[in-house]
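User: Please go through the model below with me. I shall ask what each description rests on.

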Amino acid sequence: MSDIERFEYVFLGGGKGGKTLAMDLAKAGKSVALIEKGMIGGSCINVACIPSKTLIQSARNAHAAKMAGSASPGTDMRAVRSRVRTVVSEMVDINMKGFVAAGFDLLLGTGRFVAPRRIEVALNDGGTRTVEGTHVFINTGTRAAIPDIPGLHASEPMTHVEALDTSELPEKLIIVGGGYIGLEMAQAYHRLGSTVTILQEMPHVAHREDVDVSEAIEAAFEEDGIEIKLGVKAIRVEGRSGDRVNVTLSDGTTVSGTHILVAAGRTPVTADLGLDLAGVEIDGRGIIKVDERLATSALNTWAIGEVAGTPMFTHASYDDYRILKSQLSGGNRTTHDRIIPYAMFIEPELGRIGLNETEAKARGIAVRIAKLPMAAVPRARTNGAMRGFMKILIDANSDQILGFTMLGTNAGEVVTAVQMAMIAKLPYTAVRDSIIAHPLISEGLNILLLNVPAAG
Ligand SMILES: Cc1cc2nc3c(=O)[nH]c(=O)nc-3n(C[C@H](O)[C@H](O)[C@H](O)COP(=O)(O)OP(=O)(O)OC[C@H]3O[C@@H](n4cnc5c(N)ncnc54)[C@H](O)[C@@H]3O)c2cc1C
Ligand SMILES: NC(=O)c1ccc[n+]([C@@H]2O[C@H](COP(=O)([O-])OP(=O)(O)OC[C@H]3O[C@@H](n4cnc5c(N)ncnc54)[C@H](O)[C@@H]3O)[C@@H](O)[C@H]2O)c1
């Protein structure tokens with residue numbers, strides 16, 4: 001074993017929360033090491049949010065040109081990939097500059113615990129280093145889960161990693177999974193010119209949402225020409241992605257395509273970390289067990305982001321950073337009761353903060369509900385974006401806003417406005433009676449909130 005190098009703080013994996021805390025601590029003069037196997041800035045920047053939102057924007061541009069009546073010259077996937085790569089590499093560069101400016105010790109290689117808070121790193125350019133931290137943070141993320149379907153592995157399916165870095169437009173794309181990645185990629189590739197079929201084993205896509213939301217997404221996608229097969233399991237895959245694939249379904253039918261993309265959830269990156277040697281416990285799914293301070297079962301060993309079971313969003317990993325910063329400096333911020341908003345970047349866009357109807361019912365919370373079709377919002381009409389609706393949940397006995405879901409153009413931004421009202425604990429009437437500029441999409445909130453049933 002190489003000599004042991006000692007640091008006050010060691011980070012295994014450089015995801016959103018970890019890299020941010022590492023930079024903060026290093027800037028404050030602490031001795032810090034960050035071990036990263038290759039993705040400077042983490043998965044969001046390299047293989048997830050940033051390349052996907054860049055690809056989605058290219059697909060939107062192609063769609064808008066088509067809607068405006070421009071002759072469709074066909075997609076130049078080399079140009080699309082080149083744009084994605086440029087945006088990613090610029091952001092990697094910004095991250096690298098931030099790392100250098102912060103001045104922590106960056107170990108490029110794969111880390112593995114060999115003892116509590118001691119990690120051996122197989123360096124990418126050869127050799128090993130062993131580092132030990134007074135505090136250690138695990139921020140290794142997740143990777144695409146490949147369901148155990150006969151023939152699927154052998155078909156060499158794409159995951160988001162390949163789908164976001166290709167110069168080849170699939171002629172007929174089969175997507176396994178109708179969640180975030182499946183839906184975002186399905187619409188993007190359809191707009192770029194692929195024929196797309198989504199296979200979703202649950203009764204609906206976006207299965208964590210209320211059924212009216214899922215059904216509206218299904219209707220919008222089907223109207224656009226994306227095929228969705230609901231409530232079916234793929235039971236066998238034959239062929240190879242990139243050439244020809246045939247998928248046999250549980251209902252006895254077969255779907256054929258040229259490519260297959262798996263978007264069926266995530267597996268935590270914990271299996272090869274030597275966590276048993278570190279005294280760090282995992283649960284049955286391989287997720288690191290943490291308490292509400294993000295402390296693991298081992299002394300001074302913490303976990304951050306998806307590997308700790310934090311909801312799978314960059315802003316949630318970032319909030320883990322806030323929690324750990326607070327914990328290290330004697331504060332008391334925890335994961336308890338935090339409300340995490342999210343947006344799904346499809347059109348119509350999906351955004352949500354707080355409870356939906358299904359969750360309120362399951363928790364026995366009495367609510368008043370108001371719903372407004374996007375067609376009632378003037379700006380949605382001017383934009384030709386009338387699909388979807390807004391839905392708000394108000395406490396039955398007070399005027400507090402408990403949750404807001406929107407399927408419609410700019411949903412993520414409108415959700416943020418509602419989120420601010422919720423943080424300020426404003427009664428819904430304050431938002432209802434506020435002057436919102438005309439014709440913004442947010443103006444729909446004025447109209448929506450007029451429809452809230454009276455209390456009692
Ligand atoms: C296609 C896709 C699109 C997404 N879009 C969005 C979006 O629009 N908005 C949003 O909020 N979220 C989005 N997400 C989720 C978001 O990317 C993650 O929640 C976010 O990146 C947080 O990740 P993290 O902090 O848990 O770790 P990650 O960012 O995954 O970082 C883990 C790091 O650990 C490194 N690592 C792993 N093992 C080792 C080891 N043994 N040694 C050294 N290094 C190691 C990895 O290389 C990686 O850099 C998307 C995800 C995907 C897959
Ligand atoms: N806009 C965003 O913020 C964004 C974008 C992409 C990803 N993400 C994050 O990444 C996470 C992972 O995304 P994801 O799409 O892989 O997971 P997901 O959990 O969102 O969706 C996976 C879907 O696949 C289905 N499924 C699972 N196994 C299947 C099978 N064998 N056959 C057919 N369907 C199957 C599930 O029922 C589920 O609906 C998301 O939960 C989200 O938190 C966020």
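Analyst: Domain 2 (153–264) and domain 3 (342–449) each give at least three residues to the shell around ligand 2. This is a predicted model, in which local features need pLDDT of at least 70 and side-chain atom pairs count only at pLDDT 80 or more, while totals for chains, interfaces and linings use all residues. Residues are numbered from 1 along each chain as its sequence is written, with chains lettered from A and ligands numbered from 1 in the order in which they are written.

User: What makes a residue part of the shell around ligand 2, and which residues come nearest?

Analyst: A residue is near a molecule if its C-beta atom, placed from the backbone, lies within 6 Å of it. There are 26 residues around ligand 2, and Gly177, Gly179, Ile181, Ala264 and Met312 come nearest. Two or more residues each are given to this shell by α6 (180–192), β8 (195–200) and β16 (342–344). The largest share, four residues, is that of α6.

User: How do the residues of this shell divide by class?

Analyst: Ala, Val, Leu, Ile, Met, Phe, Trp, Tyr, Cys and Pro count as nonpolar, Asp, Glu, Lys and Arg as charged, and the others, Gly among them, as polar. On that basis the shell around ligand 2 has 15 nonpolar, seven polar and four charged residues.

User: What is the corresponding account for ligand 1?

Analyst: Ligand 1 has 35 residues around it, of which Gly13, Gly15, Gly42, Gly141 and Gly305 come nearest. Elements that give two or more residues to this shell include α1, α3 (49–67) and α9 (314–328). Its classes are 12 nonpolar, 18 polar and five charged residues.

User: Why are α1 and α4 called roughly parallel?

Analyst: Angles run from 0 to 180 degrees between N-to-C directions, with axes fitted to C-alpha atoms, for helices over the stretch in contact. Angles under 35 degrees count as roughly parallel, over 145 as roughly antiparallel, 65 to 115 as roughly perpendicular and the rest as oblique. The axes of helix α1 (residues 16–27) and helix α4 (residues 77–102) cross at roughly 30 degrees and come within 8 Å. The two helices are therefore roughly parallel to each other.

User: Which residues meet where α1 and α4 touch?

Analyst: Residues are in contact if their C-beta atoms, placed from the backbone, lie within 7 Å. Met23, Ala26 and Lys27 in α1 meet Gly98, Phe99 and Ala102 in α4. By class, this contact has four nonpolar, one polar and one charged residues.

User: What makes β7 and β8 a pair, and in which sense do they run?

Analyst: Strands are DSSP runs of E with at least two residues, helices runs of H or I with at least four, both numbered from the N terminus. Two strands pair if DSSP finds at least two bridges between them. Strand β7 (residues 172–176) and β8 have five bridges and pair in the parallel sense. Val176 stands opposite Leu199 in β8.

User: Why do β9 and β13 count as edge strands of their sheet?

Analyst: The order of this open sheet of four strands is β9-β8-β7-β13, with parallel pairing. β9 (227–230) and β13 (259–262) each have a single partner strand, so one side of each is left without a neighbour in the sheet. On average, with direction ignored, neighbouring strands are turned by 20 degrees against each other. Helix α6 packs on the sheet and touches β7, β8 and β13, its direction making about 165 degrees with that of β8.

User: What is the order of the five-stranded sheet, and which helix packs on it?

Analyst: That open sheet runs β16-β17-β20-β19-β18 with antiparallel pairing. β16 and β18 (367–373) stand at its edges, because each has a single partner strand. Neighbouring strands are turned by 10 degrees on average, direction ignored. Helix α7 (residues 211–224) packs on this sheet, touching β17, β19 (389–395) and β20 (401–407), and its direction makes about 10 degrees with that of β20.

How values were computed:
Contact = placed C-beta atoms within 7 Å. Domains from an automatic or database assignment.
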